[in-house]
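Hi! Here is the structure I promised to pass on. Have a look at it first, then read my notes below.

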Amino acid sequence: MKPGIIGAGKLGITLAQLALKAGYEVAVSGSGDTQKIALSVKVLTPGAIAMTTKDVAQWAEVIILAIPLGKFRQLPVESLKGKIVIDATNHWPEVDGPREEIIPETLSSSEDHARKLSPKHCLQAKLFSNSCQRVG
Amino acid sequence: MTKQSKKATSDTYLFGLDSFGDLPTKADGTLMSHPDAIRQVVEEAILADKLGINRIGLGEHHRPDYSISSPETVLAGIATRTKNITLSSAVTVLSSDDPVRVFERFATVDALSNGRAQVILGRGSFTESFPLFGYDLRDYNELFEEKVELFSKLLPEEPVTWEGKTRAALKNADVYPKTEKGLGVAIGVGGSPESVIRAARYNFPLILAIIGGAPDRFAPYVELYRQAAEDIGTTAHPVGMHSPGFIAETDEEARKLAWPAFKTSWDRIGKTRGWPPYTREQFLYEIEHGSLYVGSPETVAKKIAKAMKALDARTFDMVYGGGPVSAEARLKMVELYGTKVIPMVKELLSQ
């Protein structure tokens, strides 16, 4: 299995480190071109491949969304269609803005994403969502 | 060129105390008022200075549980009653502040303290300041990026011309008061790779806020900072770390006093962030393997020395007195840190 992680922040990098440690080949993408995350990937997750999000979507067999919920709209949705997606996003009002501006009232964020991506399977990874925020 | 590294050179180790101005408990178990809590921090800083502790860092929060919303005002109070201790914010939430005013206020503290003021900039992890001062959190990244840029331009203390989206443009604007030796600056980072690289880009010293998990997990971030500085052509300054702790005469007493305080504090914050309640297992795990420096002076000193070695950190700042703790226990903690823990850590690091 080849996991691809969309998001090169605290969560994405940590998951990439764990996947590498477990022996997987891993790809990571940030927003924009790969140059922006090249150094982070090289130093923090040696062995992982820095790609664009589109390339991650094509290359990976399982995709983890490690981005703020509000950034979902910027994803190349077409290239993710039909993939297995693990969704680690959740709504954090202060950062993502009012919920109703991003997700229909009757759906959870992952249900909404699942509809938009129509993936094979969509797992809502609630566990990740709050574990990386820090106090301080 | 700024002189922000004046306070740490590669062959020295520096030790500090950080507080958010948590409300201490009184003898009857109730909480102190905000004014009393602020005066308590001033007393602790005076004691820290007498004991030769290198830095007092005060956080900025806008919540009922913390008394300090304006760190530099408290630092100004401390400035006139202390001699040697560095007076820092920890951190200044620059995104929701004005870089020009931040510079002016800290330059004033620098004058009052004969050159001991230091601004530690950060994005902060609380969000109250944004609606309070009229900023939109959706601009979180842009606000910080732009304001750090402007702040870095102010540091040479020459007229600045700057234009951005988040505040009015400046045209050849000079800012006062001037300082004697430049203002001390560092950047506090919670683990975002982008923030680590930003610190290198602006040639600022890096302080890692490590509030949970094994500290050595952050060693790659130190490497990232150094590599980024090398690539960009800036200086990789000595790296610092900041973690919570509690010191008492014995391990048992420290745990007894720290547990309810940390649990209260964690659960209160957790309520708004969807964290499950803090467990005893979590507490003990963090003491044994993670980032809670709780115990006797010897236990805490060994843990600090180990973490500083693992990260090649040159400064360690302990967040002391987190949660509702008695003023007496807090003062005792400051005393034990200054008289026992720091000498022991220095000894361990020299071996």
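**Aromatic rings**

In this predicted model, a single aromatic cluster is made up of B:W259, B:F262, B:W266, B:W275, B:Y278 and B:F283. Rings of Phe, Tyr and Trp (its six-membered ring) count as a pair if their centres lie within 6.5 Å; planes under 30 degrees apart are stacked, over 60 edge-to-face, and the rest tilted. Searching the whole structure gives twelve aromatic pairs over all chains. One of them, B:Y202 with B:F204, is stacked, at 6.1 Å centre to centre and 25° between the planes. B:Y278 and B:F283 pair up edge-to-face, with 6.5 Å centre to centre and 80° between the planes. B:Y278 and B:F283 are both buried (under 20% relative accessible area, with a 1.4 Å probe and protein chains only).

**Two helices from two chains**

Helices here are DSSP runs (H or I, at least four residues), numbered from the N terminus. Residues in contact (heavy atoms within 4.5 Å) include A:L39 and A:V43 on α2(A), and B:Y221 and B:L224 on α7(B).

Residues are numbered from 1 along each chain as its sequence is written, and chains are lettered from A and ligands numbered from 1 in the order written. Local features need pLDDT of at least 70, side-chain atom pairs count only at pLDDT 80 or more, and totals for chains, interfaces and linings use all residues, while side-chain values use heavy atoms, leaving out hydrogens and water.

How values were computed:
Buried means under 20% relative accessible area, exposed over 50%, partly exposed in between (1.4 Å probe, protein chains only).
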